[in-house]
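I opened this model to look up a few things. My notes follow the display.

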Amino acid sequence: MKNYLDIINFRHACKIFDDTKKIKSEDFDFILEAGRVSPSSTGLEQWDFVVVQNPALREKIRKVSWDQPQITTCSHLVIILAKISDIKSDSKYVADMINRRPDKTPQEHEARVNFYKNFITENFKDDDELLFQWSHEQCMYPAINMMNAAASLGIDSCPIEGFEREEVGKLLNIDPKKHRVAIAIPFGYRLNKQPVKYRRTMDDVVTWIN
Ligand SMILES: Cc1cc2nc3c(=O)[nH]c(=O)nc-3n(C[C@H](O)[C@H](O)[C@H](O)COP(=O)(O)O)c2cc1C
(Lines give C-alpha, C1' and ligand atoms only; values in the text may rest on other atoms or scores of the structure.)
Protein backbone atom coordinates (compact mmCIF):
# COMPACT_ATOMS: atom_id res chain seq x y z
CA MET A 1 0.00 0.00 0.00
CA LYS A 2 1.43 3.41 -0.93
CA ASN A 3 -0.68 5.83 1.06
CA TYR A 4 -3.99 6.19 2.87
CA LEU A 5 -5.90 7.13 -0.28
CA ASP A 6 -4.73 3.89 -1.92
CA ILE A 7 -6.15 2.05 1.08
CA ILE A 8 -9.48 3.90 0.83
CA ASN A 9 -9.69 3.21 -2.89
CA PHE A 10 -8.90 -0.48 -2.42
CA ARG A 11 -12.00 -0.77 -0.23
CA HIS A 12 -15.14 -1.47 -2.20
CA ALA A 13 -18.43 -3.19 -1.56
CA CYS A 14 -17.23 -6.72 -2.32
CA LYS A 15 -20.20 -8.74 -3.59
CA ILE A 16 -18.79 -12.23 -3.15
CA PHE A 17 -15.79 -13.59 -1.25
CA ASP A 18 -13.46 -16.49 -1.96
CA ASP A 19 -14.73 -18.86 0.72
CA THR A 20 -11.52 -20.90 0.64
CA LYS A 21 -9.47 -17.99 2.04
CA LYS A 22 -9.50 -17.23 5.76
CA ILE A 23 -8.28 -14.10 7.54
CA LYS A 24 -5.40 -14.77 9.96
CA SER A 25 -6.48 -14.27 13.56
CA GLU A 26 -3.92 -11.50 14.21
CA ASP A 27 -5.20 -9.62 11.15
CA PHE A 28 -8.79 -9.98 12.34
CA ASP A 29 -7.78 -8.75 15.81
CA PHE A 30 -6.25 -5.68 14.14
CA ILE A 31 -9.57 -5.02 12.34
CA LEU A 32 -11.57 -5.35 15.58
CA GLU A 33 -9.12 -3.05 17.37
CA ALA A 34 -9.62 -0.37 14.71
CA GLY A 35 -13.34 -0.59 15.45
CA ARG A 36 -12.94 -0.62 19.21
CA VAL A 37 -10.96 2.64 19.36
CA SER A 38 -13.32 4.58 17.09
CA PRO A 39 -14.69 7.99 18.05
CA SER A 40 -18.24 8.40 19.33
CA SER A 41 -20.55 11.24 20.29
CA THR A 42 -19.89 12.13 23.95
CA GLY A 43 -17.53 9.11 24.11
CA LEU A 44 -20.35 6.69 24.92
CA GLU A 45 -19.25 3.98 22.41
CA GLN A 46 -22.86 3.28 21.50
CA TRP A 47 -22.05 -0.12 19.97
CA ASP A 48 -21.34 -3.77 20.59
CA PHE A 49 -19.79 -6.12 18.03
CA VAL A 50 -20.92 -9.68 17.36
CA VAL A 51 -18.76 -12.01 15.24
CA VAL A 52 -20.88 -14.71 13.59
CA GLN A 53 -18.87 -17.71 12.46
CA ASN A 54 -21.56 -20.38 12.80
CA PRO A 55 -22.40 -21.55 9.23
CA ALA A 56 -26.02 -22.53 10.01
CA LEU A 57 -26.72 -19.16 11.62
CA ARG A 58 -25.08 -17.36 8.71
CA GLU A 59 -27.40 -19.21 6.29
CA LYS A 60 -30.40 -17.99 8.29
CA ILE A 61 -29.06 -14.42 8.37
CA ARG A 62 -28.49 -14.53 4.60
CA LYS A 63 -32.16 -15.50 4.05
CA VAL A 64 -33.32 -12.29 5.78
CA SER A 65 -30.57 -10.21 4.15
CA TRP A 66 -31.78 -10.17 0.54
CA ASP A 67 -30.02 -13.52 0.04
CA GLN A 68 -26.69 -11.70 -0.24
CA PRO A 69 -23.84 -14.19 -0.76
CA GLN A 70 -21.31 -12.07 1.16
CA ILE A 71 -22.93 -13.26 4.41
CA THR A 72 -22.04 -16.90 3.86
CA THR A 73 -18.88 -16.64 1.71
CA CYS A 74 -16.92 -14.24 3.92
CA SER A 75 -14.15 -15.31 6.25
CA HIS A 76 -15.46 -13.32 9.24
CA LEU A 77 -18.90 -11.74 9.67
CA VAL A 78 -19.14 -8.78 12.05
CA ILE A 79 -22.52 -7.43 13.07
CA ILE A 80 -22.49 -4.08 14.83
CA LEU A 81 -25.30 -3.65 17.34
CA ALA A 82 -26.54 -0.18 18.24
CA LYS A 83 -27.16 0.28 21.95
CA ILE A 84 -30.61 1.49 23.09
CA SER A 85 -31.39 1.01 26.81
CA ASP A 86 -27.73 1.35 27.82
CA ILE A 87 -27.62 4.92 26.56
CA LYS A 88 -30.71 6.12 28.41
CA SER A 89 -29.93 8.96 30.79
CA ASP A 90 -30.27 6.91 34.01
CA SER A 91 -28.52 3.75 32.85
CA LYS A 92 -25.71 1.99 34.69
CA TYR A 93 -23.76 1.94 31.41
CA VAL A 94 -23.76 5.74 31.15
CA ALA A 95 -22.74 6.00 34.83
CA ASP A 96 -19.90 3.52 34.23
CA MET A 97 -18.72 5.46 31.17
CA ILE A 98 -18.65 8.65 33.25
CA ASN A 99 -16.96 7.03 36.24
CA ARG A 100 -14.12 5.46 34.26
CA ARG A 101 -12.60 8.93 33.74
CA PRO A 102 -11.14 10.41 36.90
CA ASP A 103 -12.51 13.80 37.95
CA LYS A 104 -10.42 16.25 39.91
CA THR A 105 -13.19 17.35 42.26
CA PRO A 106 -16.68 16.14 43.30
CA GLN A 107 -18.08 19.31 41.67
CA GLU A 108 -16.41 18.40 38.36
CA HIS A 109 -17.90 14.93 38.62
CA GLU A 110 -21.37 16.26 39.33
CA ALA A 111 -21.11 18.65 36.38
CA ARG A 112 -20.28 15.76 34.07
CA VAL A 113 -23.14 13.64 35.42
CA ASN A 114 -25.52 16.55 34.81
CA PHE A 115 -24.12 17.18 31.35
CA TYR A 116 -24.85 13.60 30.26
CA LYS A 117 -28.29 13.56 31.87
CA ASN A 118 -29.31 16.84 30.21
CA PHE A 119 -27.73 16.05 26.86
CA ILE A 120 -29.47 12.69 26.56
CA THR A 121 -32.88 13.76 27.88
CA GLU A 122 -33.00 17.01 25.88
CA ASN A 123 -31.88 15.47 22.58
CA PHE A 124 -33.31 11.97 22.73
CA LYS A 125 -36.01 12.16 25.42
CA ASP A 126 -35.09 8.59 26.43
CA ASP A 127 -37.10 7.56 23.36
CA ASP A 128 -36.05 4.27 21.72
CA GLU A 129 -36.41 5.57 18.14
CA LEU A 130 -34.39 8.73 18.75
CA LEU A 131 -31.77 6.82 20.70
CA PHE A 132 -31.48 4.24 17.92
CA GLN A 133 -31.01 7.02 15.36
CA TRP A 134 -28.15 8.47 17.43
CA SER A 135 -26.62 5.10 18.22
CA HIS A 136 -26.90 3.94 14.62
CA GLU A 137 -25.03 7.02 13.39
CA GLN A 138 -22.22 6.29 15.87
CA CYS A 139 -21.94 2.67 14.69
CA MET A 140 -20.84 3.91 11.26
CA TYR A 141 -17.51 5.13 12.71
CA PRO A 142 -16.26 1.70 13.81
CA ALA A 143 -17.76 0.31 10.60
CA ILE A 144 -15.64 2.49 8.31
CA ASN A 145 -12.57 2.26 10.55
CA MET A 146 -12.75 -1.55 10.43
CA MET A 147 -13.26 -1.60 6.66
CA ASN A 148 -10.32 0.73 6.05
CA ALA A 149 -8.13 -1.14 8.55
CA ALA A 150 -8.98 -4.33 6.65
CA ALA A 151 -8.14 -2.65 3.33
CA SER A 152 -4.74 -1.63 4.74
CA LEU A 153 -4.00 -5.36 5.05
CA GLY A 154 -5.40 -6.20 1.60
CA ILE A 155 -8.60 -7.59 3.13
CA ASP A 156 -11.98 -6.90 1.52
CA SER A 157 -15.32 -6.07 3.10
CA CYS A 158 -18.87 -4.98 2.34
CA PRO A 159 -21.09 -2.73 4.44
CA ILE A 160 -24.55 -4.35 4.53
CA GLU A 161 -27.81 -2.82 5.58
CA GLY A 162 -29.85 -4.71 3.03
CA PHE A 163 -31.54 -6.85 5.65
CA GLU A 164 -34.72 -7.17 7.70
CA ARG A 165 -33.42 -5.50 10.84
CA GLU A 166 -35.83 -7.10 13.32
CA GLU A 167 -35.41 -10.56 11.82
CA VAL A 168 -31.61 -10.40 12.04
CA GLY A 169 -32.01 -9.22 15.65
CA LYS A 170 -34.24 -12.20 16.44
CA LEU A 171 -31.72 -14.61 14.92
CA LEU A 172 -29.01 -13.10 17.13
CA ASN A 173 -31.29 -13.40 20.16
CA ILE A 174 -30.91 -9.75 21.03
CA ASP A 175 -33.32 -7.95 23.31
CA PRO A 176 -34.84 -5.15 21.14
CA LYS A 177 -35.04 -2.88 24.18
CA LYS A 178 -31.28 -3.21 24.63
CA HIS A 179 -29.97 -3.37 21.06
CA ARG A 180 -30.90 -3.08 17.40
CA VAL A 181 -28.81 -4.29 14.49
CA ALA A 182 -26.97 -1.34 12.94
CA ILE A 183 -24.91 -2.83 10.13
CA ALA A 184 -23.38 -6.13 9.06
CA ILE A 185 -19.83 -6.25 7.69
CA PRO A 186 -18.50 -9.40 6.08
CA PHE A 187 -14.68 -9.50 5.76
CA GLY A 188 -12.64 -11.74 3.50
CA TYR A 189 -10.91 -11.91 0.16
CA ARG A 190 -12.50 -10.89 -3.14
CA LEU A 191 -13.42 -13.56 -5.67
CA ASN A 192 -13.78 -11.12 -8.57
CA LYS A 193 -11.89 -8.06 -9.79
CA GLN A 194 -12.75 -4.76 -8.12
CA PRO A 195 -15.27 -2.83 -10.26
CA VAL A 196 -14.81 0.79 -11.39
CA LYS A 197 -15.52 3.30 -8.60
CA TYR A 198 -18.14 5.93 -9.44
CA ARG A 199 -17.93 9.14 -7.46
CA ARG A 200 -19.09 12.73 -7.95
CA THR A 201 -16.39 15.23 -8.89
CA MET A 202 -14.63 17.32 -6.25
CA ASP A 203 -16.21 20.50 -7.66
CA ASP A 204 -19.69 19.04 -7.30
CA VAL A 205 -19.10 17.81 -3.75
CA VAL A 206 -17.17 20.70 -2.21
CA THR A 207 -18.20 24.32 -1.70
CA TRP A 208 -15.53 26.64 -0.37
CA ILE A 209 -16.54 29.66 1.68
CA ASN A 210 -13.59 32.08 1.78
C1 LIG B 1 -24.91 1.90 5.22
C2 LIG B 1 -24.60 1.14 3.96
C3 LIG B 1 -25.35 0.03 3.62
C4 LIG B 1 -25.05 -0.72 2.49
N5 LIG B 1 -25.74 -1.88 2.22
C6 LIG B 1 -25.32 -2.67 1.20
C7 LIG B 1 -25.89 -3.96 1.00
O8 LIG B 1 -26.80 -4.38 1.69
N9 LIG B 1 -25.38 -4.73 -0.01
C10 LIG B 1 -24.35 -4.31 -0.82
O11 LIG B 1 -23.92 -5.06 -1.70
N12 LIG B 1 -23.80 -3.09 -0.65
C13 LIG B 1 -24.24 -2.27 0.34
N14 LIG B 1 -23.65 -1.06 0.54
C15 LIG B 1 -22.54 -0.66 -0.34
C16 LIG B 1 -22.87 0.50 -1.26
O17 LIG B 1 -23.79 0.13 -2.23
C18 LIG B 1 -21.55 0.98 -1.86
O19 LIG B 1 -20.70 1.40 -0.83
C20 LIG B 1 -21.70 2.11 -2.88
O21 LIG B 1 -22.48 1.68 -3.98
C22 LIG B 1 -20.34 2.60 -3.38
O23 LIG B 1 -19.59 1.53 -3.91
P24 LIG B 1 -18.17 1.09 -3.31
O25 LIG B 1 -18.32 0.96 -1.84
O26 LIG B 1 -17.91 -0.24 -3.97
O27 LIG B 1 -17.15 2.11 -3.68
C28 LIG B 1 -23.98 -0.29 1.65
C29 LIG B 1 -23.24 0.85 1.99
C30 LIG B 1 -23.53 1.54 3.13
C31 LIG B 1 -22.66 2.73 3.49
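**Ground rules.** I am working from a predicted model, where local features need pLDDT of at least 70, side-chain atom pairs count only at pLDDT 80 or more, and totals for chains, interfaces and linings use all residues. I number residues from 1 along each chain as its sequence is written, and side-chain values use heavy atoms, with hydrogens and water left out.

**Ligand site.** I looked up which residues come nearest to the ligand. They are A13, K15, Q68, G162 and K197, out of 13 residues around the ligand. I take a residue as near if one of its heavy atoms lies within 4 Å of the molecule.

I then checked polar contacts, meaning pairs of N or O atoms within 3.5 Å; within protein, one must be able to donate a hydrogen and the other to accept it, and residues adjacent in sequence count only if both atoms are side-chain atoms. A13 uses a backbone N or O atom, 2.8 Å from a ligand oxygen. Q68 places a polar side-chain atom 2.7 Å from a ligand nitrogen. For K197, a side-chain N or O atom lies 2.7 Å from an oxygen of the ligand. On its own the ligand has 620 Å² of accessible area, and the protein covers 62% of that. I note the method for areas: Shrake-Rupley with a 1.4 Å probe, and for residues only the protein chains shown count as cover.

I sorted the shell by class: four nonpolar, four polar and five charged residues. Here Ala, Val, Leu, Ile, Met, Phe, Trp, Tyr, Cys and Pro count as nonpolar, Asp, Glu, Lys and Arg as charged, and the others, Gly among them, as polar.

**Surface patch.** M202, V205, V206 and W208 make a nonpolar patch of about 480 Å². Patch residues have over 30% relative accessible area and no salt bridge; nonpolar side chains (Val, Leu, Ile, Met, Phe, Trp, Tyr) are joined within 5 Å, like charges within 9 Å. W208 sits in the segment after α9 (202-205). Helices (H or I, at least four residues) and strands (E, at least two) are DSSP runs, numbered from the N terminus. W208 is exposed, at 70% relative accessible area. My cut-offs are under 20% for buried, over 50% for exposed, and partly exposed in between (1.4 Å probe, protein chains only).

**Salt bridges.** How many salt bridges does the structure hold? I find 15. Each is a side-chain nitrogen of Lys or Arg within 4 Å of a carboxyl oxygen of Asp or Glu.

D96 pairs with K92 at 2.7 Å, N to O. Why can they meet? They are four residues apart in helix α5 (residues 92-99), so about one helical turn separates D96 and K92. D96 is partly exposed at 34%, and K92 is exposed at 61%.

D103 bridges to R112, with closest N and O atoms 2.9 Å apart. Is R112 buried or exposed? R112 is buried, at 19% relative accessibility. D103 is partly exposed at 23%.

D204 and R200 meet at 3.0 Å, N to O. D204 is partly exposed at 48%, while R200 is exposed at 57%. Elsewhere, shared partners join D48, K83, D86 and K178 into one salt-bridge network.

**Loop residue.** I174 lies in the loop between α8 (165-171) and β4 (179-188). I174 is buried, with 17% relative accessible area. L81 is 93 residues from I174 in sequence, yet their C-alpha atoms are 9.1 Å apart.
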